[in-house]
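Please look over the sequence and the three-dimensional structure shown here.

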Amino acid sequence: MTGESVAGRAVIDLPSPNRDGRPAEAGPVDTLVLHYTGMVSAEAALARLTDPGAKVSAHWCIGEDGTLWRLVPEAERAWHAGVSEWRGRRGVNDVSIGIELVNPGHEHGYRPFPPAQMDALLDLARAILARHPIDPRNVVAHADVAPMRRQDPGELFDWARLAGAGIGLWPESAAAAGGEGPALRQGDRGAAVRRQQARLRGVGYGLAADGEFGAGTAAVVRAFQRHFRQARVDGVIDAGTAAVLDQLSALAGGRG
């Protein structure tokens, strides 16, 4: 069944049973989470997202050709982010809209997101932002809210294009960030580690500033790099990654 359009694009309604009501105490929807499907085809992904046994879903799914499927009404809670945290709040599903982008993902031949798919995403995201009070800081990757478990939509996703359209944040010089200097990596500890952990937490990541660069910190750094420094995804805070984090901290901090 085809429902109303989004910016002139037909919407195909494909209801998923994997949903429930949003908790009354959670407040309004204020977060947009982007995913990739990570399956071999759109058909396989849609079958899983609508399988009651899978217990996963999203509000929307976008095909590589720009096809829009609506799986869960935005007024309801879709089961897309799982165990998650962003900006000090756990259970991101309670207050978020989830969009799945058809892409085989890192396990099945990860590839760039085609222009038709990105165009459809821009149209849909603009419509969602017109309906919900979503701050640019809260346009995030699944990897951002669940860095120990997820890496989608990954380092090939065009976050800069979204931010250029007013959807999300993007440090202007992120692509060119470089520089020399001491790097922080897993196993390091001390005040320098604590400072960068605090900056990452200030941006929104669920990370304790304990001064110990463990596996959790490395996972958060990789998620940050996949979003904001896509040319280098190694979990190491080198001078370039630190510079991008400084820029993003200033952007996010300036928004209150």
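How many cavities of 30 Å³ or more does a search of the whole structure find? The search finds 2. The model is a predicted one, in which local features need pLDDT of at least 70, side-chain atom pairs count only at pLDDT 80 or more, and totals for chains, interfaces and linings use all residues. Residues are numbered from 1 along each chain as its sequence is written, and side-chain values use heavy atoms, with hydrogens and water left out.

On a 1 Å grid over the protein atoms alone, a cavity is a set of points where a 1.4 Å probe fits but cannot get out, while a pocket is an open set with protein on both sides within 12 Å along at least five of seven lines; lining residues have an atom within 4 Å of a point. A volume is the space filled by probe spheres set on the points, which are joined across faces, edges and corners.

The largest cavity has a volume of about 80 Å³. Its lining includes Trp86, Arg137, His227 and Phe228, and it divides into 9 nonpolar residues, 1 polar and 1 charged. Here Ala, Val, Leu, Ile, Met, Phe, Trp, Tyr, Cys and Pro count as nonpolar, Asp, Glu, Lys and Arg as charged, and the others, Gly among them, as polar. The second largest cavity, of about 30 Å³, also has His227 in its lining, along with residues including Asp152, Trp159 and Arg226. Helix α6 gives the largest share of that lining, 3 residues; helices (H or I, at least four residues) and strands (E, at least two) are DSSP runs, numbered from the N terminus.

Of its 25 lining residues, Tyr36, Thr37, Gly38, His142 and Arg150 lie nearest its centre. By class, this lining has 8 nonpolar, 10 polar and 7 charged residues. The second largest pocket has a volume of about 200 Å³, and the largest share of its lining, 3 residues, comes from α6.

The description now turns to the cores. A nonpolar core is a set of buried (under 20% relative accessible area, 1.4 Å probe, protein chains only) Ala, Val, Leu, Ile, Met, Phe, Trp, Tyr and Cys residues joined through side-chain atoms within 4.5 Å. In the largest, of 59 residues, Leu32, Ile99, Leu121, Phe157 and Tyr205 touch the most other members. Helix α2, residues 115-131, gives the most to this core, with 8 residues.

Key:
Buried < 20%, exposed > 50% of the residue type's maximum accessible area, 1.4 Å probe, protein only.
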